[in-house]
Amino acid sequence: RGFLEVNLPKIKKSKKEGKAPTFSLGVLDAGLATAISDGLPGLSCRSDDTVREVLRGCRLHLPKFVSGLDRAASTQAQLGLGH
């Protein structure tokens with residue numbers, strides 16, 4: 001909770017109730033997205049095909065943007081996260 005509150009833009013509390021924030025948090029796991037939305041009222045989370053494709057692209061191109069991270073280390077890290 002603290003990490004999200006510190007690193008996401010502040011949600012402006014408007015006089016009009018029910019107004020959604022101007023951003024959505026993309027989460028891969030639908031259950032986690034629901035838990036985050038329940039824990040942080042007013043935060044919009046989404047877990048759909050668009051989020052999955054963006055994260056897939058991030059995993060694919062991460063070694064190009066992070067110096068010292070080769071494809072083998074990235075594959076090993078992903079395998080470790082899967083267990």
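Asp 48 and Arg 46 are joined by a salt bridge in which the closest N and O atoms lie 2.8 Å apart, and this pair belongs to a model that is predicted.

**Salt bridges**
- Both partners of the pair named above are partly exposed, since Asp 48 has a relative accessible area of 25% and Arg 46 has one of 36%.
- Arg 52 and Asp 49 also meet through their side chains, at 3.0 Å from N to O, and they are about one helical turn apart because three residues separate them in helix H3.
- Within that pair, Asp 49 is exposed at 55% relative accessible area, whereas Arg 52 is partly exposed at 37%.
- Glu 53 forms a salt bridge with Arg 56, with 3.1 Å between the closest N and O atoms, and Glu 53 is partly exposed at 46%, as is Arg 56 at 44%.

**Nonpolar core**
- The largest nonpolar core has ten residues, among them Leu 8, Phe 23, Leu 25 and Leu 43.
- Beyond its neighbours within four places in sequence, Leu 8 is in contact with Phe 23, Leu 25 and Leu 43.

**Start of the chain**
- Arg 1 is found in the segment before helix H1 and is exposed, with a relative accessible area of 61%.
- Not counting residues up to four places away in sequence, Arg 1 touches Gly 39 and Leu 40.

**Surface patch**
- Leu 62, Phe 65 and Val 66 form a nonpolar patch on the surface, together having about 300 Å² of accessible area.
- Leu 62 lies in helix H3, residues 49-65, and is partly exposed at 38% relative accessibility.

Note on methods. Residues numbered from 1 in each chain as written. Predicted model: local features only at pLDDT ≥ 70, side-chain atom pairs only at ≥ 80, totals over all residues. Heavy atoms only, no water. Patch = residues over 30% accessible without salt bridge, like charges linked within 9 Å, V, L, I, M, F, W, Y side chains within 5 Å. Areas by Shrake-Rupley, 256 points an atom, 1.4 Å probe, with all protein chains shown as cover. Salt bridge = Lys/Arg side-chain N within 4 Å of Asp/Glu carboxyl O. Helix = DSSP H or I, 4+ residues; strand = E, 2+ residues; numbered from the N terminus. Buried < 20%, exposed > 50% of the residue type's maximum accessible area, 1.4 Å probe, protein only. Core = buried A, V, L, I, M, F, W, Y, C linked by side-chain atoms within 4.5 Å. Contact = heavy atoms within 4.5 Å.
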